[in-house]
Amino acid sequence: MKKSVYSICGMCTVRCPIRVESEDNKITWIEGNPHLLGGALCAKGTAGQALLEDHERPQQPLIRVGARGAGRWREASWEEALDYVADKLKDIKKNYGPESAVLSSRGGPWQQMYKAFIHAFGSPNYTNHDCTCGRNTHHASLSINGVGRKGFAYDVKNAKHLVLFGRDMFSALRIAENHQTLDMLDKGGRLTYVDVRQTMTGAKATRFFQVRPGTDYALALGVIHQVIKQGYYDKDFLARYVTGFEELCTFVEEYTPAWAAKECGVKEKDILAFVEEIGADRPNVIFHPGWNLARYSDSFYASRAMHILNVLMGNIELKGGLFIPKGAGDCGKKGIRSIDCPKPDIKRGDGVGWQYTHFEKGPGLAHLFFNHMLSEDPYPIKAWIAMRHDPFSGMPDPEKQKLAMDKCDLLVSIDTNYSEFGWYSDVILPESTYLERDNFIVQQKGLKPRLTLRRKAVEPKYNTKSSWEIFTELANRLGLHDTFPFKTIEELWAWQLEPTGYTMADFDAKGFIELSDSPVFYDRDKLDGQFKTPSGKIEIISELLTKTGLPSLKPFVSPEAPEKDMLRLIYGKVAVHTQGHTTNNPMLSELMPTNTAWIHTKKAKKLGIQSGDLLELSSADKSYCATVAAHVTDHVHPEAVFTVHGFGKEIPRQTRSFMAGVSDQKLMIGALDNWDQAGGGVNLCEIFVHVKKSIRNTKRRVEL
Ligand SMILES: Nc1nc2c(c(=O)[nH]1)N[C@H]1C(S)=C(S)[C@@H](COP(=O)(O)OP(=O)(O)OC[C@H]3O[C@@H](n4cnc5c(=O)[nH]c(N)nc54)[C@H](O)[C@@H]3O)O[C@H]1N2
Ligand SMILES: Nc1nc2c(c(=O)[nH]1)N[C@H]1C(S)=C(S)[C@@H](COP(=O)(O)OP(=O)(O)OC[C@H]3O[C@@H](n4cnc5c(=O)[nH]c(N)nc54)[C@H](O)[C@@H]3O)O[C@H]1N2
Ligand code: SF4
Ligand SMILES: [Mo]
């Protein structure tokens, strides 16, 4: 039987809307939702079918029988595996208290359910991936605008100039944003791209600045200086909504474009020309404040500088600028219900909220758990459940993480794949792939907000379950019925929609429910109340930072240069892979089976290295060493060695990715303790590695 469903892609967390066709329970076609994406999909989105068919993913629940990480498993029924997890959790609760369980997940709109589960269990310790993703930019936005990183969206299509600092958007994809950018370029808009290496985005840019690693903040300060000097800022907007402009003027006085040029290696005349361009293009100039943002010890301040530039442009809440995403209430509609449970009033196990008071409590900071776990302060952590999260791939220094995890009596991985953490855990609860599962309804805020949901296109191929079933069944075993009273997804959907007046049939036509026919903008003269800072204004000098003893405007400090025979390790995404979890995908592993180490031609010559030679990369303390083929190029800064993240996996059941390429996170020894005290993010780019030519025989390696 032929079937067509609208759903949401799950090959990465961008969650593009899709339409999926199937026949006799086999996927025959996947495309971007024609109503929103005109059918477009990226290579990873197309490879969803290969994920579904992949026999190298867990096919039923598994319980560890050998030592942790040894890879000896026994197959278990769902009854047995869920009983096993629930019994262990009950014991842990009885002996150590509910707070000794941590649940980490990959953020996003569905995290609400996982968070509700761990809160209902009695633990405040919900955490997510964000300490290695958007936390610095999130906290930067909060400190200035009083709203987090999702508090603004970007009307790129109508902009005249988009400025991206290391936001390599044509590799680190977001299909709708990519379309908007291409439309903007077609209409004659400009794209300025800043990176330490040439990229897909740099290649499409109208202006490319190659900077010395770690000097974005210097470049941004030079630009602010010149913008102010030339008077290219919105005086009315500043007067109405912004505090701290005078202090900013004084602070940037010394940071001239000539000074910035020396720090970042870009020519002064190019900085001046760029400022003239944005002067002409404002207010429709968008400075993207970063998502992951290259991770240096001052990235929080670099991101703040980009927010400040947006404020100077006066681009907030206008066409071709930044806008505040709208929800149901802004369209005069009632919102959906969502599963919720208040957070227990217990100190968090990562120190956020009591030891570190200036961070948003929300998901805390996952990397800060490990030292607390080792010292059992303020209490022991005995269980870690990773739901769509791979701490050993997404966070640095997995060996240190293992020391802390070994203090736990229970490690559970809820995953569609074998993750590095899953391979080390006690129980793997395999989730059905996104093509085989339903999920609850979510609201997507924007200029035209909508309700949307993921729906199954086919029945599960293996003995796997959806996360809503896994959590509901665990909740039932733990007596948490109040938070999880639903028996079927239909019941849950009906309960969610009840206040809105919509029914499930309203999703049929397009796969989503549009809450407004036309874009909703606020009146730009009445933005008071939108900035949730203590003063209610956009604060260039943040009261909260000042209270914590942190500067709002931090003087620039030149980044360290690598020592002899060492290079700074930098990383990034590639268009055909998602983080660490597609390198074993049958289709995508064929497109890109391994990563390489990009090294500058001059540096390579000194080390006697040619493209294709094997390089030996070892951590600063030499405790971890890996070999990988060199990619010799002029398009990377001479101080850096670059790799694509997600490779170097050591899971024998994943034969396509096993030992393919190098893992950046395994080289990041000590990085868990190297984090941004102001922004909270891990300083993933403040890592140096030893680089030399490997004596291994490349041919022999290929034969192996
Ligand atoms: N295909 C694909 N798309 C994705 C993802 C994916 O895994 N695959 N992941 C999604 C996620 S979770 C995120 S957070 C986003 C991330 O989106 P981005 O932040 O755009 O992604 P990265 O590739 O991590 O970008 C890092 C870039 O910073 C550069 N860089 C290193 N040092 C410096 C520096 O000092 N200055 C500057 N200016 N640049 C520097 C690197 O060379 C690299 O090009 O992508 C999302 N989209
Ligand atoms: N060294 C280094 N560290 C990094 C990065 C880097 O580039 N270099 N990137 C950083 C960034 S931007 C981010 S966002 C984080 C990402 O870190 P994570 O969120 O941990 O990474 P992912 O690979 O997106 O997903 C984690 C796990 O989710 C599983 N998964 C995928 N789909 C599903 C599903 O449908 N259901 C379930 N249950 N599981 C699923 C995957 O198999 C994988 O094991 O890593 C960060 N850390
Ligand atoms: S960017 Fe690609 S993989 Fe990610 S959700 Fe969109 S189509 Fe899927
Ligand atoms: Mo991310």
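H4 passes H19 in a right-handed crossing. The model is predicted.

**Helices H4 and H19**

- Helix H4 covers residues 78-96 and helix H19 covers residues 467-477; their axes cross at roughly 55 degrees and come within 9 Å.
- Because of that angle, H4 is oblique to H19.
- On the H4 side, the residues that meet H19 are Trp78, Glu79, Leu82, Asp83, Val85, Ala86 and Lys90.
- On the H19 side, Ile470, Glu473, Leu474 and Arg477 meet H4.
- Sorted by class, the H4 contact with H19 has 6 nonpolar and 5 charged residues, and no polar ones.

**Helices H6 and H14**

- Helix H6 (residues 135-145) packs with helix H14 (residues 299-313) at an angle of about 45 degrees, and their axes are 8 Å apart.
- The two helices, H6 and H14, are therefore oblique to each other.
- H6 and H14 cross in a right-handed sense.
- H6 makes the contact through Asn136, Thr137, His139, Ala140, Ser141, Ser143, Ile144 and Asn145.
- H14 contributes Ser299, Phe300, Ser303, Arg304, His307, Ile308 and Val311 to the contact.
- By class, the contact of H6 with H14 has 9 polar, 5 nonpolar and 1 charged residues.

**Ligand 1**

- Ligand 1 is surrounded by 34 residues, of which Asp195, Tyr296, Lys573, His577 and Gln579 are the closest.
- His577 also has a polar backbone atom 2.7 Å from a nitrogen atom of ligand 1.
- For Ser171, a polar backbone atom is 2.9 Å from a nitrogen atom of ligand 1.
- For Val574, a backbone N or O atom lies 2.9 Å from a nitrogen atom of ligand 1.

**Ligand 2**

- Around ligand 2 there are 27 residues, and Arg106, Gly394, Asp415, Asn417 and Glu431 come nearest.
- An oxygen atom of ligand 2 has a backbone N or O atom of Gly580 at 3.5 Å.
- In the side chain of His645, an N or O atom is 3.1 Å from a nitrogen atom of ligand 2.
- In the side chain of Asp664, an N or O atom is 2.9 Å from a nitrogen atom of ligand 2.

Notes:
Residues numbered from 1 in each chain as written. Chains lettered and ligands numbered in written order. Predicted model: local features only at pLDDT ≥ 70, side-chain atom pairs only at ≥ 80, totals over all residues. Heavy atoms only, no water. Axes fitted to C-alpha atoms, helices over the stretch in contact; angles between N-to-C directions. Helix = DSSP H or I, 4+ residues; strand = E, 2+ residues; numbered from the N terminus. Parallel < 35°, antiparallel > 145°, perpendicular 65-115°, else oblique. Left-handed = near helix turned anticlockwise from the far one by under 90°. Contact = heavy atoms within 4.5 Å. Nonpolar A, V, L, I, M, F, W, Y, C, P; charged D, E, K, R; others polar. Near = heavy atom within 4 Å. Polar contact = N/O pair within 3.5 Å; in protein donor to acceptor, adjacent residues only side chain to side chain.
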